[in-house]
Amino acid sequence: MAKSDYGLTLDQLGIEQPYSLQAEQSVLGAAILDPACVDTIIQTLRPEMFFVRQTRAIYTEILTLVTNSEPIDVVILVDRLSHD
């Protein structure tokens, strides 16, 4: 049983294996390409729902940008994630 960084199992999070990397990447792509959909995404998904550590980190950074009223921009994301 896979565990997230928060010590929760995927089953506890309501995530059925196998996970879908393509779905995780699609959510991130939608948030980057269409910022209008971000409000809907953040109301539905929490970072711990992302199975892949890298996609979870990107999503967490997107949440930080939204919280700080900053634009969701690929250059900003890459810069911030490269410092981690």
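**View 1. The whole chain, seen through its contacts.** Of the contacts in the chain with a separation of 6 or more, 44% are between residues 24 or more positions apart, a contact being heavy atoms within 4.5 Å. This is a predicted model, where local features need pLDDT of at least 70 and side-chain atom pairs count only at pLDDT 80 or more, while totals for chains, interfaces and linings use all residues. Numbering starts from 1 along each chain as its sequence is written, and side-chain values use heavy atoms, with hydrogens and water left out. The chain has four helices and zero strands, so the order from the N terminus reads α-α-α-α; helices (H or I, at least four residues) and strands (E, at least two) are DSSP runs, numbered from the N terminus. Buried residues come to 29% of the 84 residues, where buried means under 20% relative accessible area, exposed over 50% and partly exposed in between (1.4 Å probe, protein chains only).

**View 2. Helix H3 and what it packs against.** H3 covers residues 53-67, 15 residues in total, and spans 21 Å from its first C-alpha to its last, close to the 21 Å expected at 1.5 Å a residue. That expected span is 1.5 Å times one less than the number of residues. Buried in H3 are Thr 55, Arg 56, Tyr 59, Glu 61, Ile 62, Leu 63 and Leu 65. The buried residues of H3 pack against H1 (21-33), H2 (38-44) and H4 (74-82).

**View 3. Where H3 crosses H4.** The two axes come within 10 Å and cross at roughly 115°; axes are lines fitted to C-alpha atoms, for helices over the stretch in contact, with angles from 0 to 180 degrees between N-to-C directions. On the H3 side you'll find Ala 57, Ile 58, Glu 61, Ile 62, Thr 64 and Leu 65, meeting Ile 76, Leu 77, Arg 80 and Leu 81 of H4. Sorted by type, the residues of this contact are seven nonpolar, one polar and two charged.

**View 4. Glu 48 in the loop between H2 and H3**. Glu 48 counts as buried because its relative accessibility is 17%. Its side chain makes a polar contact of 2.8 Å with the side chain of Arg 46. Such a contact is a pair of N or O atoms within 3.5 Å; within protein, one must be able to donate a hydrogen and the other to accept it, and residues adjacent in sequence count only if both atoms are side-chain atoms.

**View 5. Ser 69, in the loop between H3 and H4**. Just after H3, Ser 69 takes a positive phi of about 55°, and Ser 69 is a residue other than glycine. With a relative accessible area of 68%, Ser 69 is exposed.

Definitions and conventions:
Nonpolar A, V, L, I, M, F, W, Y, C, P; charged D, E, K, R; others polar.
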